[in-house]
Structure formats: structure tokens, C-alpha cells
Protein chains: 2
Amino acid sequence: MAQDERTLAQRLLAGDKRALARAITLVEDDRPEGWELVREIYPHTGRAAVVGFTGPPGVGKSTLLGALTRAERARGRTVGVLSIDPSSPFTQGALLGDRIRLTEHFLDAGVFIRSMANRGALGGLSEAALQGALLMDAAGRDVVFVETVGVGQAEVDVIDHADTVVLALMPGSGDSIQALKAGVMEIPDVIVVNKADHPLTDTMVREIRGVLSLGPQKGWRVPIVKTQAAFGIGIDELAEKLEEHRAYIQAEGTLLERRRRNLMNEVVAIATARMRRQLEASIRDDAGVQELLDEVCERRLDPASAATEILARNAGAVERQHDG
Amino acid sequence: MAQDERTLAQRLLAGDKRALARAITLVEDDRPEGWELVREIYPHTGRAAVVGFTGPPGVGKSTLLGALTRAERARGRTVGVLSIDPSSPFTQGALLGDRIRLTEHFLDAGVFIRSMANRGALGGLSEAALQGALLMDAAGRDVVFVETVGVGQAEVDVIDHADTVVLALMPGSGDSIQALKAGVMEIPDVIVVNKADHPLTDTMVREIRGVLSLGPQKGWRVPIVKTQAAFGIGIDELAEKLEEHRAYIQAEGTLLERRRRNLMNEVVAIATARMRRQLEASIRDDAGVQELLDEVCERRLDPASAATEILARNAGAVERQHDG
């Protein structure tokens with residue numbers, strides 16, 4: 001078993017796409033070999049430019065990523081795309097359909113595309129996304145795009161370990177503008193307005209400018225790039241802005257600072273996700289915990305006291321797991 | 001100290017507004033007396049109708065809640081309003097300004113209005129929101145409105161312990177419609193389209209109908225209520241739909257089932273939030289943990305292994321806390 005893992009790591013570090021695919025599956029399935037593999041390849045990470053994409057469904061993020069991938073390939077760079085699909089009864093059809101737009105790259109050895117679906121809490125999703133990005137980084141991808149779908153801060157958190165965060169909008173993205181304006185969602189590094197052939201595009205750009213003018217006026221100036229991804233329009237400008245941002249944070253020394261903060265957050269997120277998973281398992285399997293929950297439902301024991309009891313039961317379990 | 005707490009609980013259970021205000025502050029500040037108080041009053045909860053409101057900023061949720069409060073008062077019911085403001089540099093001005101729309105009720109003893117701002121993770125916010133709602137319930141409020149702002153599933157989670165979840169939209173809420181359609185956000189129990197004097201209102205209602213037609217067709221049929229909250233238009237219909245939903249889940253027996261599921265989720269959320277807070281404290285205070293994080297940043301130790309180490313250190317701390 002230990003020999004197989006070493007071989008997988010070596011193949012991954014050599015850039016083997018099948019090894020990369022296998023590695024991501026191990027991480028996605030939360031298998032111990034996956035974590036062991038990430039541990040092994042971690043010293044070889046930190047080289048890739050990791051770019052996170054978020055935005056409401058329907059703005060054409062996959063088309064954008066397809067076009068950007070083409071632009072990066074034209075510049076001689078290898079690309080990894082990691083799409084994070086939140087779990088939902090409806091999602092499967094709606095979001096996986098988008099993947100079709102990336103198929104033109106399937107035969108290119110310089111492009112690796114992969115979807116990850118979460119099965120648990122958002123913490124677990126973000127955790128898996130980071131591991132997936134590290135694996136792509138170790139496999140020698142020059143650029144790693146991590147894509148998630150949504151319109152809230154939680155979605156931004158999933159890609160918060162990226163060096164550059166891109167928010168993709170389109171004319172009509174009023175709710176997202178309001179969320180930025182109210183500070184419910186953090187300002188990203190680059191904003192794209194896709195489907196920019198729509199007559200309301202300039203109105204949208206003006207609204208975004210208005211929101212940005214409320215934020216800090218020093219440091220990086222968030223560019224607004226108009227694109228029509230389906231026709232390749234604006235994509236080169238977007239690729240340039242991504243490079244400019246990376247050059248900026250490197251020159252300012254904020255890349256290291258940002259990565260330090262992100263890695264710290266990720267360590268906490270991984271630890272929290274594990275504890276949560278353990279708690280959920282103990283709730284399923286432990287008859288004593290089930291009794292506590294019955295008491296909560298019957299209003300005899302309050303939720304916080306039940307949580308305290310469960311934490312105490314669990315502390316022992318964490319220690320035992322660590323010893324094992 | 002113990003005598004003070006008992007007095008506060010008694011005053012709270014008698015419906016004293018100052019006691020309720022004090023109690024919520026204790027919970028918001030995460031003070032042990034607050035948790036002790038919730039423990040004490042918990043057997044007296046479960047009577048209030050808890051209604052959660054979410055939706056993008058700018059749709060007029062506060063105006064809606066102001067108008068709904070008036071409608072409930074006219075029906076002789078006492079009301080509690082708990083507004084959950086996510087922390088953000090911009091938020092303070094933008095969201096607290098909204099509170100002004102609720103001031104007409106400040107002199108009415110039958111109305112209690114309170115904002116809570118979170119300082120930490122969403123888990124902590126949801127935790128505080130539940131405790132706040134329980135306190136209002138114990139203080140004898142007939143209806144408790146819990147409001148949060150945002151356009152993602154994370155925001156819905158904050159109000160997920162409500163008996164009825166309302167999503168407020170307005171013409172132009174395209175991103176939210178797309179999020180519902182893609183299944184990124186769960187379908188609520190009642191949808192309100194506010195600012196319904198806008199010419200695109202009927203288009204919006206049709207889009208929502210289209211989304212709802214993709215969901216399950218049996219059970220509760222999600223009503224779409226058009227309102228102009230600023231003029232009181234549509235508010236009585238909304239109040240009726242809220243009552244209908246409550247009657248429905250009571251008749252179907254799903255109220256108890258829903259509360260059981262929600263309480264379980266809350267117990268896990270409280271436990272997770274506590275563990276996370278403890279982890280963050282240990283990262284701040286523990287030199288050994290700081291060294292681990294340095295190793296992560298220098299790519300000598302991977303984030304997951306660091307998380308395992310920190311969890312092991314923390315397990316002991318949890319046990320000690322419980323013994324104390």
C-alpha cells in the first residue's frame with residue numbers, strides 16, 4: 001500500500017493526468033490515502049497561480065473559463081480547472097450541463113478539468129477545494145482556476161485560498177451588486193461583466209463603479225472587465241488583468257501575506273470540518289447522543305447544554321483518533 | 001450571581017422587555033450567564049411562531065417587517081423582531097439605516113425589536129440567532145420574525161430554525177432567481193415580491209413560477225405574494241399565507257418533524273461554533289500552534305496534518321473545559 005502511494009505521488013509530481021485524476025478522487029472521497037498524498041506533495045506546491053471564480057449561476061462562468069483556458073494555452077501555460085458544485089437536488093443537471101462548454105479542451109494534455117461535488121457542509125467543500133488545487137499545483141499546472149457558483153460570502157469563502165479572486169456578473173446581476181454595496185459580500189480582486197452585448201451593460205458597470213467608490217481608495221484598484229466569453233471578446237484583457245493582479249501582490253509582498261492568512265484559515269477550516277463530521281457521525285451512531293437530542297426536542301435540555309455534553313463525549317474520541 | 005440570574009429569568013418569563021434586552025445582550029456577548037439563562041427558560045419555549053426572512057439587500061425587508069408587525073399587532077399578537085446583521089466594514093451604515101423604518105413601533109409594549117451583529121463565523125451568528133429567538137419565545141412573543149440579509153444558502157441557514165422561511169425578492173432579483181433555479185439556494189416556504197409597482201413585477205412572478213415548477217409538486221405549494229410594503233399593500237395577504245403555512249405544517253405533523261431536524265442541526269452548529277472559537281483562541285495564544293502554522297506557510301507541513309496536530313492539542317482543552 002505504502003509503495004502504491006509513493007508511486008502515485010511520483011507520477012503526480014511528474015505531471016501525469018491520470019495520477020492527478022486519481023489523487024483528486026481520493027481527496028474528494030475523503031480517503032486517508034488522499035490526505036497522505038497531499039502531505040507528501042505539499043512541499044512541491046506554491047508555484048501555480050491560483051485564480052478563484054465566483055458569481056451567480058447563469059452568468060457564463062464556464063464559458064469564461066473555457067475562453068480563458070484557450071488564452072492561457074496560447075501563452076504556453078498549462079491549466080487546471082476545478083469546478084466546485086454545491087450539492088442540491090436540482091444542481092446536477094443545471095451545473096454539469098455547463099461542463100460541456102469546456103469539452104473542446106479534453107484532448108489537450110496541457111489542460112486538466114475536474115468537477116468536485118460536496119456531500120457535506122460548506123467547510124468540507126472548501127477543504128476539498130483547497131486540496132484539489134494543491135494537487136493541481138503539485139502536478140505542475142501553471143494556472144489553476146477554481147470555480148464555484150453562488151452569490152454569497154459563503155461562496156467567496158470556498159475560493160478564498162486563491163491568490164486572485166474574480167467575481168463574474170452580467171447585466172441584471174442586481175442582487176450581487178446590492179450584496180457588494182451592503183458589504184454582505186467582500187469586494188473581489190477583479191470583476192467581470194460577461195454578456196456585455198446586453199444594452200444594460202454600461203448601467204451595470206456604472207453601478208459597480210459606484211460600489212467600488214465606497215471602498216478603500218488605496219492599494220489595488222479593482223478592474224471591471226467587459227467580456228462576451230462566447231465570442232472570445234474581452235478575454236485577453238481579462239487574462240492581462242489577472243497577471244497584473246498577481247504581479248501587484250508579488251511586488252507589494254502581499255502574496256505571501258495573503259497566502260499565510262489563507263493557509264491559517266484553511267487549517268482552522270479543515271480542523272472544524274473534521275470535528276463537525278465526527279460530531280455528525282457520533283450523533284448517528286451514539287445512542288446516548290440520540291437520547292440527548294430527544295431531550296432537546298422535548299424541551300427538557302436546551303441545545304447549548306446538549307452541545308456541551310456532546311463535545312465532552314467527542315473530546316475523548318478525537319484523542320483516541322489521534323493516538324491511532 | 002445565581003440569584004441575579006434567577007431573577008432575570010423570572011422577569012423574562014413574565015414578558016419584561018428590559019429583561020429580554022439584557023438577556024439578548026448576554027447571549028450576543030457569549031457570556032456564560034446568557035447560556036445559563038437560555039438553559040433555564042428553554043422548557044418554556046416552543047409556543048411562538050418563528051418566521052425567518054431572507055433576501056438580497058435593498059428589497060425592503062425592514063419595511064416589510066414593519067408593515068407585517070403592524071398587521072400582527074392589529075390581530076392582537078405580540079411581536080419580536082430579531083435582525084441579524086452580518087459583520088462587514090460597509091454594513092453598519094447600510095443596514096442599521098434600515099432599522100429606522102421600524103421605529104414607529106418603539107413605543108409599543110407589544111413589539112420588541114433587536115439587532116444582533118455577529119463577530120465571528122456564520123456558525124456563531126446562527127447560534128446567537130437561535131438563542132435570541134428562544135429568548136423572545138420565552139418572553140411570550142406570539143410571533144418572532146428573524147431577519148437576515150443575503151442571497152446565498154448560508155443566509156438561509158441562519159434562519160433555518162424558523163418554522164416558516166420567507167424569501168423576499170423584488171423585480172430585478174435575477175441572481176436570486178438563478179440561484180433558486182440552479183438549486184444553489186433551497187426553495188423557501190413563502191416568496192414575497194416587494195416593490196410590486198415596478199413594471200417588471202409580473203415577469204418576475206412568472207420566472208419564480210417557472211423555478212417552482214421544477215421542484216416537487218406535492219405537499220405545500222409555495223405562494224408568491226406581491227407587496228408594496230411602503231404603502232401597506234399585500235401585507236394582509238402575506239400575514240394570511242404565513243398563518244396558512246403554519247396551520248399546514250401543524251396539520252401535517254411536519255412542524256414537530258421540522259423542529260426536531262432544526263434542533264439537531266442547531267446542536268451540531270453550536271458545538272461546531274464552540275470548537276471553532278476554541279481553535280481560533282488556541283491559534284492566537286499557543287506558541288506551539290504558531291510554530292505549526294509557520295511550518296505550513298514554509299510548505300514543510302501540509303494544512304491537513306497541521307489541523308490534525310491542532311485537533312489533538314485541542315481535545316485535551318475541551319475535556320478540561322467540560323470538567324471545569
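**Figure 1. Salt bridges between chain B and chain A.** The count between chain B and chain A is 2 salt bridges. The model shown is predicted. One salt bridge joins Arg260(A) to Asp294(B). Their closest N and O atoms lie 2.6 Å apart. That distance falls within the 4 Å cut-off, so the pair counts as a salt bridge.

**Figure 2. Polar contacts and the helices of chain B at the contact.** Chain B and chain A share 12 residue pairs in polar contact, with both residues at pLDDT 80 or more. Several helices of chain B each supply at least two residues of the side that touches chain A, among them α3 (32-41), α5 (91-99), α6 (122-138) and α13 (303-323). Also on this list are α11 (254-285) and α12 (287-297) of chain B. The largest share comes from α11(B), with 16 residues. Sorted by class, the side of chain B that touches chain A has 44 nonpolar, 20 polar and 14 charged residues.

**Figure 3. The extent of the interface.** How many residues does each chain bring to the contact? Chain A gives 78 residues, and chain B gives 78 residues. The size of an interface is often given as the accessible area lost when the parts come together. Here, chain B and chain A bury about 6600 Å² between them. Carbon and sulfur atoms account for 70% of that area.

**Figure 4. How the two copies are related.**

Key
Residues numbered from 1 in each chain as written. Chains lettered and ligands numbered in written order. Predicted model: local features only at pLDDT ≥ 70, side-chain atom pairs only at ≥ 80, totals over all residues. Heavy atoms only, no water. Contact = heavy atoms within 4.5 Å. Buried area = accessible area lost by both parts, 1.4 Å probe. Salt bridge = Lys/Arg side-chain N within 4 Å of Asp/Glu carboxyl O. Polar contact = N/O pair within 3.5 Å; in protein donor to acceptor, adjacent residues only side chain to side chain. Helix = DSSP H or I, 4+ residues; strand = E, 2+ residues; numbered from the N terminus. Nonpolar A, V, L, I, M, F, W, Y, C, P; charged D, E, K, R; others polar.
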